[in-house]
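Thanks for coming. I'll go through one structure today, starting with some backbone details and then moving to the core and the helix packing.

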Amino acid sequence: MRAVCPVIGSEQLARESGPCLGRSLWFRQPQRSSFCLIALATAALAAGCGVPESLRLVQQPRNGIPLDEHVCLVYSQRYQINLGGAERLHSFDINKYAKIYLQLVTDGLIRPEDVYVPAEIGREDLLRVHTPEYLARLRQPSALARYLESGWVTLMLPGVADAAILRPFRYATGGTVLAARLAVRYGVAVNLGGGYHHAEPDRGGGFCIYADMPIAIRVLQSEGLIRRALVVDLDAHQGNGTARCMTGDDDVFTFDMHEEDIYPFPKETNDLDIPLTAGMEDDEYLRLLSGHLPEAFDRARPDIVFLQVGVDVLAGDRLARLRLTPEAIIERDRLVFDEAGRRRFPIVMVLGGGYSRQAWQVQYRSIRRVLGRHAYRGESASP
Ligand SMILES: [Zn+2]
C-alpha cells in the first residue's frame, strides 16, 4: 500500500481503524450509513448548527488586524469540510484547522476580529496554474474520488461534492493568496490551512486539489507585488505537485526536505532536494536543515518565502517514519522564520500534512511561537 499525504482527517477514526484501512488510506469503505450521512450533508451545511460564536465570526471575508503590526493570521471557518458527520469517514483529523484557531482564541493569543478572513479563490486565478480540462474534471465525483483516493466520494451528487469538498479547498487556497499579499505588506502571515503540495497543473493527488502556493505566486506576480519566490517544503512527503507547477521557472526556487521512501513515486525534481532516510531523529534533521537553508535563500534571492510546515515528520506519524520530537519541529520552523527575518524577506506559513494524534497540538505550539512578539525579529519567543 502506498502512503499518501492528506491534509485533513479524523484522529478518532485513525485510532479506530488501525494502520491498514483496506484499499485506501483515506476513508473507510462505504457503509449503508454513508448514504444517509451524505443525504444530510447539504442540510447540515445550510443549517450551520452548533457552531461556536468565535467560529461564526470568521466566515464572512473581511480584514483583520496585524499582531504587533507585522504578523497576520488568516483563517475561515469555510475551510471546514462538513458533511453532517460523514466527513469522519475520512482517516485523518478533519478538524485540525478549527482546533488550532479555537485554541489560539481560547489562550488569548488572538481575538476573532484580528483574523483576516479570505474570499473563495476564483476560476480566473485557478487557471493561472491549472488546466481548464482539470477544473472541468473536478466536477465529476468519480474523478474527485480518485484524487482523494476514496471511492466513498463517488456516492456524492456533483453539487454536494462541490459545495462540501471543493469549495472549502477554494477558500483555503484564497487564504494562501491573501496571506501572501499580507506578508508582502506586513512581513509575516500564517494561513491556518493550505500547503496542498501534491496538486499538479492537470491532476490532484494525496488529498490535494488546488496548488495553493503556485497559485499565490502567480497571482502576486500578476499584481506586480513579487517577481521571485522561494518555497521551503518541510512536510515529510515531497511536494511533487509544487515542483511540477514550477518546472522551468527560474524565478521560483523550490527547496524540499522529505522522506525518500514514501509517497509520491516517482519523485519530481526540485531546485534543491534533501531526501531523508526513515528513522531520522532531531539532531541529524536539524543539522541538515540549518546547513542547507542559507544555500536555498542565497540561490533563491526571493521577494517572498512560502513555508510548508507539515508535521508528519513527527515520530509516530501514520504515514511517515521520521522520528522528530515536537520540540525539534518547533525549532525547525523557528530556523526558517529566523532566516527570513534576518534577511527581511516576507514569509508565509501554510500547514500541510500531519496525521498523528499530537499533530495539531505541535502545529499550534509552533504557530504560537510565530505569533509571539519577537518572532519576526529573529529572536525566540517562549514556546
Ligand atoms: Zn505529508
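This is a predicted model: local features need pLDDT of at least 70, side-chain atom pairs count only at pLDDT 80 or more; totals for chains, interfaces and linings use all residues.

Pro-266 sits in the loop between β4 and β5.

Next, positive phi values. Glu-69 has phi near 70°, and it is not a glycine. Glu-69 belongs to the loop between α3 and β1 (71-74). Is Glu-69 buried or exposed? It has 9 C-beta neighbours inside 10 Å, so it counts as exposed. Phe-207, another residue other than glycine, has a positive phi near 60°. Its place is the loop between β2 and α9. Phe-207 counts as buried, because it has 25 C-beta neighbours inside 10 Å.

That loop, between β2 (188-191) and α9 (212-222), also holds Leu-192. Leu-192 is buried, with 27 other C-beta atoms within 10 Å. Which residues does Leu-192 touch, leaving aside neighbours within four places in sequence? They are Val-74, Tyr-75, Tyr-97, Ile-100, Tyr-101 and Leu-351.

Now to α4. Its buried residues are Lys-96, Tyr-97, Ala-98, Ile-100, Tyr-101 and Leu-104. The cover over them includes α3 (53-56) and α13. Helix α4 (residues 96-106) and helix α13 (residues 359-370) have axes that come within 10 Å and cross at roughly 45°. The two helices are therefore oblique to each other, and α4 passes α13 in a right-handed crossing. On the α4 side the contact is made by Lys-96, Lys-99, Ile-100 and Gln-103, and on the α13 side by Ala-359, Trp-360, Gln-363, Tyr-364 and Ile-367. By class, that contact has 5 nonpolar, 2 polar and 2 charged residues. On the spacing of such positions: an α-helix has 3.6 residues a turn, so residues three or four places apart point the same way. Just after α4, Gly-108 takes a positive phi of about 75°.

The crossing of α11 past α12 is right-handed. From α11 the contact includes Tyr-285, Leu-289 and Phe-297, and from α12 it includes Arg-332, Leu-335 and Val-336. The residues of this contact divide into 8 nonpolar, 1 polar and 5 charged.

Finally, the whole protein. There are 13 helices and 7 strands. Of the 383 residues, 54% are buried. Among contacts between residues at least 6 apart in sequence, 76% join residues at least 24 apart. The largest nonpolar core has 114 residues, and those with the most contacts inside it are Val-74, Ala-179, Leu-230, Val-232, Phe-306 and Val-348. Helix α8 (residues 158-186) gives the largest share of this core, 12 residues. As for Val-232, its contacts beyond four places in sequence are Phe-255, Ala-296, Val-305, Phe-306, Leu-307 and Val-336.

Technical notes: Residues are numbered from 1 along each chain as its sequence is written. A crossing is left-handed if the near helix is turned anticlockwise from the far one by less than a right angle, and right-handed if clockwise. Helices (H or I, at least four residues) and strands (E, at least two) are DSSP runs, numbered from the N terminus. Two residues are in contact if their C-beta atoms, placed from the backbone, lie within 7 Å. Ala, Val, Leu, Ile, Met, Phe, Trp, Tyr, Cys and Pro count as nonpolar, Asp, Glu, Lys and Arg as charged, and the others, Gly among them, as polar. A residue is buried if 20 or more other C-beta atoms lie within 10 Å of its own, exposed if 12 or fewer, and partly exposed in between; C-beta atoms are placed from the backbone. A nonpolar core is a set of buried Ala, Val, Leu, Ile, Met, Phe, Trp, Tyr and Cys residues joined through C-beta atoms within 7 Å. Axes are lines fitted to C-alpha atoms, for helices over the stretch in contact, and angles run from 0 to 180 degrees between N-to-C directions. Angles under 35 degrees count as roughly parallel, over 145 as roughly antiparallel, 65 to 115 as roughly perpendicular and the rest as oblique.
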